[in-house]
Amino acid sequence: MSLVANTGKLAGRTLFITGASRGIGKAIALKAAKDGANVVIAAKTAEPHPKLPGTIYTAAEEIEALGGKALPCIVDVRDEKQVQSAIDAAVKKFNGIDILVNNASAISLTGTADTEMKKYDLMHTINTRGTFLASKLCLPLLKNSDHAHILNLSPPLNMNPYWFSVHVAYTMAKYGMSMCVLGMSEEFKPLNIGVNALWPRTAIATAAVEMLTGDTSTSRKPEIVSDAAYVMLCKNPKTYTGNFAIDEDVLKQHGIKDMTPYACDPSNTANLLPDFFLDVIVDAKEQMKKKETEGQIPVLFGTISKVITPELVKNTQAVYQFNVKGKEEGVWHLDLKNGDGGCGQGEPKNPPDATLTMDSTNFADMFAGKLKPTTAFMMGKLKINGDLQKAMKLEKMMKSLKNKV
């Protein structure tokens, strides 16, 4: 699903895209292929992954089926020799590189205590170092192009402390990519190389998002990002540089007003999940319309206790502690791991797998099915410490409770 018409402006241009075997990277590659562009698929996936679809070779077949030319290269962006080898192969086959898309990225949404240094190193060497390395090694070739772009799939540099508090290691790694844009856009101006960042307004239906949330009904398709990237990469790099763009904004400026076709579930466009690092401003009038929740939480847990079943315990296998703030401040627990399960006021008898902190109003809305845990987390209304994957299991559990609570 693409709403941006191909213009042919990238015909004959060579794009070097990291992480292009699937997801957003591949979507950008396929959009450029429709122009007749050359695409270097620089990614690690040479053999099929047991859980994730696509390899560099299947991506190459799709690119060439659309009229582009492809060069699949096995590349781990942490390995300088592999990156240089792929660049050399691109020069040999396509005589140069015009556009670099730094898309490869690693993610671990964990707090400081729960972030293993192996994960920390993985994120920083792929996200920040990999972006810097690919940009550095492609620079001599970009200097020779009359349409040189570097596009990083990274967020605006939002200094709201919240985004650091929930997953500081990941935030630093992604912001490292954005700082490359900030610095290189100025550094490379005399070379007429445009350096920009692109980030989605909402969650995108990639394998990572599906793994985190369990479904894609609150996401948009990767094509919204690839359409925005195409618009940006067709601009004059001499004048278009240093931008931290949001996909939706780029497309609106391009004349596309209705984003509904990009939604995975067009009937759910009002409930799309905002992406990380973008602050959501809640209308004060809407806040005033919210129902008073004084005294609702004891009643809520009384109802939950009646609907806990052995099957629910078996399928969830997690203990939750809720630190509730606001009018009904207090500590509550939900044990869906031990024995027949249980819930009530106070800390759980067994160590919690996940501790969730939020305002009592949002807490009531979450258990009433009005606010999904994933949405609350993305919007900064919910802080999670501990096992994020188990915390997100609440979403599936709440679907079964929705009609009973």
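1. Buried means under 20% relative accessible area, exposed means over 50%, and partly exposed lies in between, with a 1.4 Å probe and protein chains only. By that rule helix α1 is mostly covered: 10 of its 11 residues are buried. They are I24, G25, K26, A27, I28, A29, L30, K31, A32 and A33. Helices (H or I, at least four residues) and strands (E, at least two) are DSSP runs, numbered from the N terminus.

2. A word on the source. This is a predicted model, in which local features need pLDDT of at least 70 and side-chain atom pairs count only at pLDDT 80 or more, while totals for chains, interfaces and linings use all residues. Residues are numbered from 1 along each chain as its sequence is written, and side-chain values use heavy atoms, with hydrogens and water left out.

3. What covers the buried residues of α1? The cover includes β1 (14–18), β2, α2, β4 (99–102) and α8.

4. Start with α8. The axes of α1 (residues 23–33) and α8 (residues 223–233) come within 8 Å and cross at roughly 50 degrees. Axes are lines fitted to C-alpha atoms, for helices over the stretch in contact, and angles run from 0 to 180 degrees between N-to-C directions. Angles under 35 degrees count as roughly parallel, over 145 as roughly antiparallel, 65 to 115 as roughly perpendicular and the rest as oblique. α1 and α8 are therefore oblique to each other. α1 passes α8 in a right-handed crossing. A crossing is right-handed if the near helix is turned clockwise from the far one by less than a right angle, and left-handed if anticlockwise.

5. Which residues of α1 and α8 make the contact? From α1 come I24, A27, I28 and K31; from α8 come V225, S226, D227, A229 and Y230. Contact means heavy atoms within 4.5 Å. By class, the contact of α1 with α8 has 6 nonpolar, 1 polar and 2 charged residues. Ala, Val, Leu, Ile, Met, Phe, Trp, Tyr, Cys and Pro count as nonpolar, Asp, Glu, Lys and Arg as charged, and the others, Gly among them, as polar. An α-helix has 3.6 residues a turn, so residues three or four places apart point the same way.

6. Now α2 (residues 56–65). The axes of α1 and α2 come within 8 Å and cross at roughly 25 degrees. The two helices are therefore roughly parallel to each other. Their crossing is right-handed. K26, A29, L30 and A33 in α1 meet A59, E62 and I63 in α2. By class, this contact has 5 nonpolar, no polar and 2 charged residues.

7. Strand β2 (residues 38–43) holds A42. Is A42 buried or exposed? At 1% relative accessibility, A42 counts as buried. A42 touches F16, I17, T18, G19, A20, C73 and V75, not counting residues up to four places away in sequence. Take I17: A42 and I17 are 25 residues apart in sequence and 5.8 Å apart in space, C-alpha to C-alpha.

8. E80, V83, Q84, I87 and V91 of α3 make the contact with L133, A134, L137, C138 and L141 of α4. By class, the contact has 8 nonpolar, 1 polar and 1 charged residues.

9. Next, the aromatic rings. A search of the whole structure finds 15 aromatic pairs. Rings of Phe, Tyr and Trp (its six-membered ring) pair if their centres lie within 6.5 Å; planes under 30 degrees apart count as stacked, over 60 as edge-to-face and the rest as tilted. The rings of W199 and F277 have centres 5.8 Å apart and planes at 50 degrees, so the pair is tilted. W199 lies in strand β6 (residues 193–199) and F277 in the loop between α9 (247–253) and α10 (284–289), so the pair ties together parts that are 78 residues apart in sequence.

10. Both partners are covered. W199 is buried at 7% relative accessible area, and F277 is buried at 1%. F276 and F277 form a tilted pair, 6.1 Å centre to centre with 55 degrees between the planes. Ring pairs link Y162, W163, F164, Y170, Y175, W199, F276, F277 and F377 into a cluster.
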